[in-house]
Amino acid sequence: MASYRYERDIDPKDLQPRKQRQYTRKERWANWWDYNLKWVIIIGIIVVFFGYNFIGQYFFTVHADYNVAVVAPHYLPEATQTALQDTLAAYGEDRNGDGKVVVKLNLYTMDFGNEDSDAYLDMAGTTKLSTDIQGALSSIFILYDPAGFQQTTGTLRYLNGSLPQSDADSDWWNMVYRWTDCPVLTGLDLGDYASDAVQSESGSSQELMSRYYIGIRGAWNKDSSDLLEGGEELWNKLTAGAVSTASAEG
């Protein structure tokens with residue numbers, strides 16, 4: 001029980017309940033920001049981050065209509081790469097509806113069967129090429145060593161459209177055209193390339209590509225067939241009028 005001395009000093013006004021303050025809308029808004037500002041900033045940063053990535057992915061990233069792989073023991077000169085992408089695109093269609101035709105070159109540096117090749121480059125090339133093949137990314141392959149490629153991957157199909165058996169890798173020469181076998185390819189205006197930090201030579205891009213072969217991968221299941229859809233039409237256009245001179249001797 002409280003003492004009399006304590007009770008006598010209490011002002012009766014102090015015992016009356018205080019009226020609850022009514023904040024204005026502006027004050028309530030200011031208080032909300034004081035307590036929640038840091039969360040607003042954090043959420044805003046997250047929204048901006050994901051928004052930026054979404055917009056960049058779908059509006060500023062170039063989406064290829066066709067993927068063409070180049071597998072060789074050395075890099076293609078940048079000028080040759082650009083010329084190939086631009087000239088091959090003239091034979092394609094706008095498959096994704098973005099208003100332009102884009103052919104993307106996927107370059108894989110591999111030297112099949114050469115014990116003196118760069119092990120690190122071969123390992124990187126093998127990893128990327130395996131990902132391409134497993135994901136059915138590239139439908140057309142431009143090859144420096146088609147025999148080594150087919151022996152290693154078993155990816156190509158026959159020129160007549162049939163699929164080879166698992167033990168038919170030595171029959172690779174029936175699965176490719178020489179670059180020079182194809183009137184469309186030899187007629188491409190690829191210009192010249194100059195020496196750069198990667199390679200010291202310079203010359204004609206057409207002359208450089210004359211050392212290559214071209215083949216199309218087979219689709220052994222429906223999933224691969226769906227992913228590679230469109231590559232067939234491009235292949236037919238690029239190889240129109242071609243007569244193969246490839247042989248088992250190379």
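This is a predicted model: local features need pLDDT of at least 70, side-chain atom pairs count only at pLDDT 80 or more; totals for chains, interfaces and linings use all residues.
Two strands count as paired here if DSSP finds at least two bridges between them.

**Stop 1: strand S7.** Select residues 213-216, which make up S7. Strand S4 (residues 176-178) pairs with S7 in the antiparallel sense, over three bridges. Look for Tyr-177, which stands opposite Ile-214 of S7.

Show the side chains of S7 next. Tyr-213 and Gly-215 point one way, Ile-214 and Ile-216 point the other way, and all of them are buried.

**Stop 2: an aromatic pair.** Stay on Tyr-213 and bring up Trp-172. The model has four aromatic pairs, and Trp-172 with Tyr-213 is an edge-to-face one, at 6.0 Å centre to centre and 85 degrees between the planes. What does this pair tie together? Trp-172 lies in the loop between helix H5 (146-153) and S4, while Tyr-213 is in S7, so the pair links parts that are 41 residues apart in sequence. Trp-172 is buried, with a relative accessible area of 7%, and Tyr-213 counts as buried at 7% relative accessibility.

**Stop 3: the largest nonpolar core.** From S7, move to Ile-214. It is among the residues with the most contacts inside the largest nonpolar core, alongside Leu-76, Ile-142, Trp-179, Leu-185 and Met-209; this core has 31 residues. Elements giving two or more residues to the core include strand S1 (66-72), H3, S3 and S7. Centre the view on Leu-185. Leaving aside residues up to four places away in sequence, Leu-185 touches Leu-88, Trp-179, Gln-206, Ile-214 and Leu-238. A second, separate core of 18 residues includes Val-71, Leu-156, Ala-168 and Val-176.

**Stop 4: helix H3.** Select residues 78-89. This helix has twelve residues and reaches 17 Å from its first C-alpha to its last, close to the 16 Å expected. Which residues of H3 are buried? They are Thr-80, Ala-83, Leu-84, Thr-87, Leu-88 and Ala-89. As background, an α-helix has 3.6 residues a turn, so residues three or four places apart point the same way. The buried residues of H3 pack against strands S2 (103-109) and S5 (192-193), and against helices H6 (183-186), H7 (205-209) and H9 (231-238).

**Last stop: a charge over a ring.** Finish with Arg-95 and Tyr-66. Arg-95 lies over the face of Tyr-66, at 5.7 Å from the ring centre.

How values were computed. Residues are numbered from 1 along each chain as its sequence is written. Side-chain values use heavy atoms; hydrogens and water are left out. Helices (H or I, at least four residues) and strands (E, at least two) are DSSP runs, numbered from the N terminus. The expected span of a helix is 1.5 Å times one less than its number of residues. Buried means under 20% relative accessible area, exposed over 50%, partly exposed in between (1.4 Å probe, protein chains only). Contact means heavy atoms within 4.5 Å. Rings of Phe, Tyr and Trp (its six-membered ring) pair if their centres lie within 6.5 Å; planes under 30 degrees apart count as stacked, over 60 as edge-to-face and the rest as tilted. A charge sits over a ring if NZ of Lys or CZ of Arg is within 6 Å of the ring centre and within 35 degrees of the ring normal. A nonpolar core is a set of buried Ala, Val, Leu, Ile, Met, Phe, Trp, Tyr and Cys residues joined through side-chain atoms within 4.5 Å.
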